[in-house]
Amino acid sequence: MNKMYLILLGAPGSGKGTQSKLIVEKYPFIQISTGDILREEISNKSSLGVEAKKFMDNGQLVPDELIIKILKEKLLNTQKHIILDGFPRNLSQAKALDDMMSEIGGSISSVINISVEDSVLEERLSGRLVCKGCGASYHKEFLIPKKKGICDKCGADLYQRSDDSPESIKQRLIVYHQSTKPLIDFYDAKDLLSNVDGGKEVNEIFESITSIIDGRI
Ligand code: AMP
């Protein structure tokens with residue numbers, strides 16, 4: 001079987017990270033999350049991290065040249081099937097990804113768009129808690145960890161992302177509508193798009209996603 005490249009599209013808070021983790025548990029994929037890579041660079045205080053943080057805290061996209069370079073390195077160094085979580089975020093990144101695919105002789109297998117209403121996204125993001133260890137997501141009201149501030153899955157501390165502030169959330173949703181949402185039509189025109197209702201329960205969404213993946217494997 002050819003190497004699969006699966007794109008998860010969706011607004012911040014739509015559940016791309018949560019669903020990626022479930023996919024990785026069930027299928028031989030690895031998750032490439034550009035947001036996670038950038039947060040790691042920030043915690044390592046690398047020059048890339050310092051540069052990226054300015055954009056991230058303001059809810060803006062990190063410049064394309066930086067992110068495309070990072071992604072290219074990751075794509076070239078990975079043998080497994082890949083889930084792209086958080087890339088592409090705009091049309092120029094999508095075109096750069098097409099170019100990378102031509103270069104490496106690969107092709108995008110499927111694009112899954114997880115759609116959720118803005119009011120729900122705001123509610124999810126403003127109460128979100130994330131595990132420092134495994135990246136699992138919780139919520140202050142809707143998905144409370146068993147022990148306050150501690151991840152049920154791995155026991156590491158939970159934290160609130162600095163870009164999950166009210167101002168930054170607003171800005172990220174604006175950027176999503178302006179820059180990322182047009183990718184739905186871009187991939188639909190290529191006949192690669194499937195839509196799932198991201199307002200449902202995590203497991204129900206995952207069932208829809210597994211039936212899409214099973215149809216492609
Ligand atoms: P995420 O974890 O996917 O919500 O991403 C967090 C932040 O990282 C975004 O708000 C952007 O500032 C930055 N980021 C992540 N992926 C990209 C990307 N593909 N292009 C530009 N910026 C990105």
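The model is predicted: local features need pLDDT of at least 70 and side-chain atom pairs count only at pLDDT 80 or more, while totals for chains, interfaces and linings use all residues. Residues are numbered from 1 along each chain as its sequence is written, and side-chain values use heavy atoms, with hydrogens and water left out.

**The ligand site**

- The ligand is surrounded by 15 residues, where a residue is near a molecule if one of its heavy atoms lies within 4 Å of it.
- The closest of them are Thr-34, Arg-39, Gln-60, Gly-86 and Gln-93.
- Thr-34 places a polar side-chain atom 2.8 Å from a nitrogen atom of the ligand; a polar contact here is a pair of N or O atoms within 3.5 Å, and within protein one must be able to donate a hydrogen and the other to accept it, with residues adjacent in sequence counting only if both atoms are side-chain atoms.
- The backbone takes part too: a polar backbone atom of Gln-60 is 2.6 Å from an oxygen atom of the ligand, and one of Val-62 is 3.0 Å from a nitrogen atom of the ligand.
- On its own the ligand has 480 Å² of accessible area, and the protein covers 96% of this (Shrake-Rupley method with a 1.4 Å probe; for residues, only the protein chains shown count as cover).
- Helix 2 (residues 34–43) gives the most to the shell, with four residues; helices are DSSP runs of H or I with at least four residues, strands are runs of E with at least two, and both are numbered from the N terminus.
- By type, the shell holds six nonpolar, five polar and four charged residues (Ala, Val, Leu, Ile, Met, Phe, Trp, Tyr, Cys and Pro are nonpolar, Asp, Glu, Lys and Arg are charged, and the others, Gly among them, are polar).

- Three strands make an open sheet in the order 6-5-7, with antiparallel pairing; two strands pair if DSSP finds at least two bridges between them.
- Strand 6 and strand 7 are at the edges with a single partner strand each, so one side of each has no neighbour in the sheet.
- Strand 5 (residues 128–131) sends Arg-128 and Val-130 one way and Leu-129 and Cys-131 the other, and all are buried (under 20% relative accessible area; exposed is over 50% and partly exposed in between, with a 1.4 Å probe and protein chains only).
- In a regular strand, side chains alternate between the two faces of the sheet.
- Three bridges join strand 5 to strand 6 (residues 137–139); Arg-128 is partnered by His-139 and Val-130 by Ser-137.
- These two strands form a hairpin with five residues between them, and Gly-135 in the turn has a positive phi of about 85°.
- On the strand 7 side (residues 158–159) there are two bridges, and Cys-131 stands opposite Leu-158.

**Two residues to look at**

- Ile-83, in strand 3 (residues 81–85), is buried with a relative accessible area of 0%.
- Setting aside neighbours within four places in sequence, the contacts of Ile-83 (heavy atoms within 4.5 Å) include Leu-6, Leu-8, Ile-23, Val-24 and Phe-29.
- Asn-90 lies in the loop between strand 3 and helix 5 (91–104) and counts as buried at 13% relative accessibility.
- The side chain of Asn-90 reaches the backbone nitrogen of Ser-92 at 3.3 Å.
- Not counting residues up to four places away in sequence, Asn-90 touches Leu-61, Asp-64, Ser-179 and Leu-183.
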